[in-house]
Amino acid sequence: MSKDPYDWDERVESWEEVAASPAFLSIRDRILELAEPRRDDRAVDLGAGTGLLALALAPRVRELVAVDISERMLERLDDRAVADGVHNVELVVADLRRLPLEDESATLVVSNYAFHHLDDPGKELALAEARRILRPGGRLVICDMMFSLSLAPRDRRLVWEKVTGLLRRGPAGVLRILRNALRVLAGRWEQPAAPRTWEEMLVARGFEQVRIELLEHEAAVAVARRPEVSTAATRVRAAQEAASGS
């Protein structure tokens with residue numbers, strides 16, 4: 001398994017504070033609406049963290065697999081599941097780019113604010129893995145920050161909103177801006193992709209019925225399906241990706 005470059009094991013409490021915010025609760029609820037969970041679903045939550053999405057989804061499906069690179073995050077999720085009386089959650093510590101799950105073993109794959117920690121090739125690998133574990137006709141719902149540092153109107157507006165929001169915090173905000181600027185220059189900043197890039201990646205990975213819904217601020221959600229019947233070209237590409245990753 002790849003080493004966690006963000007040290008999520010040390011950020012459990014701080015992440016839970018963020019996850020409990022009204023904005024993230026609203027995002028979770030929209031993902032659930034778009035996922036349309038069914039009682040016979042076997043769902044997989046990629047980057048499940050401490051369970052913001054997983055614990056809301058689990059009671060609505062037959063089984064839920066919570067995948068995260070952080071063992072401590074999943075331990076907290078497990079504690080919360082026990083406290084809530086949720087008993088159909090399986091925990092898997094893994095890199096999203098190499099899922100230790102069987103082919104066509106899920107009917108629903110979801111994710112919330114995890115993919116921006118991967119570069120674009122990493123996102124494509126994780127999407128290929130998501131498609132591999134989905135059964136034909138299976139659904140994919142991924143929410144993430146979706147923008148880029150470009151001159152496009154939406155991107156400029158989002159960056160300006162972030163900068164002005166930090167400036168309102170005074171010296172601490174200015175320091176945060178400087179730190180983020182240094183992280184961008186060093187290539188260590190989060191790596192969100194624009195909505196158009198998401199569409200292209202999903203189509204390239206063999207998904208269909210792809211659509212992107214813009215949410216508040218920088219968030220957006222991608223919805224897609226694995227085709228009911230794979231084309232020959234898609235099967236060849238999937239085999240090539242599997243061979244190159246082995």
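In the predicted model, R211 is partly exposed, with a relative accessible area of 41%. The side chain of R211 meets that of E213 in a salt bridge, with an N to O distance of 4.0 Å. E213, by contrast, is buried, at a relative accessible area of 19%. Q209 is placed in strand β6, which spans residues 208–214. The phi angle of Q209 is near 50 degrees, a positive value in a residue other than glycine, and Q209 is exposed, its relative accessible area being 53%.

A positive phi near 50 degrees is also found at E104, again in a residue other than glycine. E104 belongs to the loop between β3 (89–93) and β4 (106–112) and is partly exposed, at 37% relative accessibility. Most residues other than glycine have a negative phi.

Side chains of opposite charge can pair when their charged atoms come close. The count of salt bridges in the model comes to 23. One of these joins E16 and R76, with an N to O distance of 2.7 Å. This pair links distant parts of the chain, E16 lying in helix α1 (residues 12–19) and R76 in helix α4, 60 residues apart. Both partners count as partly exposed: the relative accessibility is 21% for E16 and 23% for R76. E16 and R76 also belong to a network of salt bridges that includes E13 and R80.

A further salt bridge is formed between E129 and R132, whose closest N and O atoms are 2.8 Å apart. Both residues lie in helix α5 (residues 120–133), with a separation of 3 residues, or about one turn of the helix. E129 counts as buried at 14% relative accessibility, whereas R132, at 22%, counts as partly exposed.

D144, in strand β5 (residues 134–145), is buried yet has no salt bridge. The nearest side chain of opposite charge is that of K123, 5.6 Å away; this distance lies outside the 4 Å limit, and therefore the pair does not qualify as a salt bridge. The side chain of D144 instead makes a polar contact with the side chain of H116 at 2.7 Å, and reaches the backbone nitrogen of F115 at 3.5 Å.

On the surface, E71, E75, D78 and D79 gather in a patch of negative charge. Within this group, E75 is located in helix α4 (residues 71–84) and is partly exposed, with a relative accessible area of 41%.

Note on methods. Residues numbered from 1 in each chain as written. Predicted model: local features only at pLDDT ≥ 70, side-chain atom pairs only at ≥ 80, totals over all residues. Heavy atoms only, no water. Patch = residues over 30% accessible without salt bridge, like charges linked within 9 Å, V, L, I, M, F, W, Y side chains within 5 Å. Areas by Shrake-Rupley, 256 points an atom, 1.4 Å probe, with all protein chains shown as cover. Lys, Arg positive; Asp, Glu negative; His and termini not counted. Charge placed at Lys NZ, Arg CZ, Asp CG, Glu CD. Helix = DSSP H or I, 4+ residues; strand = E, 2+ residues; numbered from the N terminus. Buried < 20%, exposed > 50% of the residue type's maximum accessible area, 1.4 Å probe, protein only. Polar contact = N/O pair within 3.5 Å; in protein donor to acceptor, adjacent residues only side chain to side chain.
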